[in-house]
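Here is a friendly walk through this model, one question at a time. Have the structure open as you read.

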Amino acid sequence: MANNSENNLLASLSDAMVRAVEKADASTVMVNARRRLPASGISYSNDLILTANHVVEREDDITIGFADGSQAPARLAGRDPSSDLALLRLEGHSAVPAERALADARIGQFVFALGRPTLEGIQASLGVVSAVGGPLRFERGGVLEKYLQTDAIPYPGFSGGPLIDADGRIAGVNTSGFAPGNSLAIPVSLAWSVAETLKQYGKIKRGYLGIRSQPVEIPSAAQSRLGRAQTTGLLLISVESDSQAAQGGLMVGDILVGINGSPVEDHDRLMGSLGGETVGKPIAIEVIRGGEPRSVTVTVGERS
Amino acid sequence: VEIAAEQSTLTAYLSAETDRMLERVRKSLVQVRNGHHGAGAGILWDADGWVLTNNHVIGHGGRGGNRKVILENGLTYPAQLIAQDEDIDLALLRIDARGLPSALIADARGVKVGQLVFAVGHPWGQLGVVTAGILSALSSAKTRDGKEIPILRTDATLAPGNSGGPLVNAVGGVIGIDTMIVGGDQGVAIPSYLAANFVRETREKSKMASPSAQREGYL
């Protein structure tokens, strides 16, 4: 037999790889929601499909294609441009929910990128996790807390499809939306938590103050008055009129150094301090003004 | 520490097994020179001098072209062009030699997405180069006259000079003939069952069945 035999380790490995792909096959779907080549998606539950936000160009008239060749309509249930994820609701069709990996992905582990951009069958490429990084910041204030980079080939239409581990469990969601041509994936723990919020609210709430800032060194005299080892803060270079920041009394020239008692050294810490749970609530913003630390209370708005 | 030792044994074992398997595959890999500037890879289809390669490797020299087949051990033979099929980009050559280390031909009908594959060829003229990957898709391509043919797609890196060489499975069985030009896609192989049909039909037509014709059956 020239096909795989049982007492051959390499053949056993090959068979196990096929089984991993087969396990995720049924929960990898085709997502037809744009003009050009369809992309891919993952069945998050019986009636919800998780995919990449950038492949969803329309909110209705979306078609989902399944492993058995059948197709069903879907409509947008929620989207989060910041993490490039969108959730679609199936109409009159039930999907096989995907099984997620419970452990975080590690550098060097085997992964497969899967996609179903056509109804011809599952497509796959092999690689390893090359890097685990984040946060990654974009224009418009978007920030991806964590991402996986792999060396698996991102074939056209793989966006929204699963990155699976050697056992066929979902390790991440493929995306090319942030850096076309690169193999990036949103880690499953982050993707699943975004999906859960999208399922409930249809969007991800993020806090908004109405300021523009740049990181600066805190003058040494002010540093000693701060009473902690913090060398950088955010210099406010503009404050939007009528914004929450203006109403709370923040001024151009203030150096923002903390929120609710935690230090804020840079943009990432600021973004991290303004999660959806802060929207509508007062927060204590610590600034250095005229060399002196002082506290300002601002009610957080919601970023549209 | 114990776990690390076990893992190193496993990877070392896998590596050694891969090495042995590819050594055998390399013996059935040949160079095909078309008498002009072109060169590619080819496969010793059986022990009696039948060599399979891509049609585009053969070039336009017609039946009388000055073609050569060079074995892994360096022996060079003049090659006779027996048949060509432009649709599936295959050509069959014959050299005057017996007892050759022929390739193991697998039945590509049983292949599955995700399985390990290895491509062996002469990319950019470098001899006997191995690249590894998986079977990425079972797809199809349209020929110039619109006929649909099944193809195998792989994420193993292929380059000019891989053409005509084998895509093998984990035990060294040929599942495809590496071919880059169909549909303009990279990493495309013609399934070995199409190649086997082509060889069988050619032999039936020319009534030149060799004593080892039973080797054409799928293994």
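Q: Why is strand β11 of chain B largely enclosed by the rest of the structure?

A: This is a predicted model, so the answer rests on computed values. A residue counts as buried when its relative accessible area is under 20%. Strand β11 covers residues 174-179 of chain B. It is largely enclosed because the residues that are buried number six of the six.

Q: Which strands pair with β11(B), and over how many bridges?

A: Strand β10 (residues 166-168) of chain B pairs with β11(B) in the antiparallel sense over three bridges. Here Val168(B) has Val174(B) as its bridge partner. Strand β12 (residues 188-191) of chain B is also antiparallel to β11(B), and Ile177(B) stands opposite Ile190(B) there.

Q: Which residue takes a positive phi in the hairpin of β10(B) and β11(B)?

A: The hairpin has five residues between its strands. The phi in question is near 85°, and the residue that takes it is Gly172(B).

Q: In what order do the six strands of the chain B barrel close?

A: The strands of this barrel pair in the antiparallel sense. Neighbouring strands are turned by 40° against each other on average, direction ignored. The order is β1-β2-β3-β6-β5-β4.

Q: What angle does the direction of helix α3 of chain B make with that of β6(B)?

A: Helix α3 (residues 192-206) packs on the sheet, touching β3 (50-54), β5 and β6 of chain B. Its buried residues, among them Tyr193(B), Phe198(B) and Arg203(B), pack against β3, β5, β6, β9 (148-154), β11 and β12 of chain B. The angle between the directions of α3(B) and β6(B) is about 50°.

Q: How far does α3(B) reach from its first C-alpha to its last?

A: The helix has 15 residues. At 1.5 Å a residue, 21 Å is expected, and the computed reach is close to that. It comes to 21 Å.

Q: Is Ala79(B) buried or exposed?

A: Ala79(B) lies in strand β5 of chain B. Leaving aside neighbours within four places in sequence, its contacts are Arg67(B), Lys68(B), Val69(B), Leu93(B), Arg94(B) and Ile95(B). Its relative accessibility is 11%, so Ala79(B) counts as buried.

Note on methods:
Residues numbered from 1 in each chain as written. Chains lettered and ligands numbered in written order. Predicted model: local features only at pLDDT ≥ 70, side-chain atom pairs only at ≥ 80, totals over all residues. Heavy atoms only, no water. Pairing = 2+ DSSP bridges. Helix = DSSP H or I, 4+ residues; strand = E, 2+ residues; numbered from the N terminus. Axes fitted to C-alpha atoms, helices over the stretch in contact; angles between N-to-C directions. Contact = heavy atoms within 4.5 Å. Buried < 20%, exposed > 50% of the residue type's maximum accessible area, 1.4 Å probe, protein only. Expected span 1.5 Å × (residues − 1).
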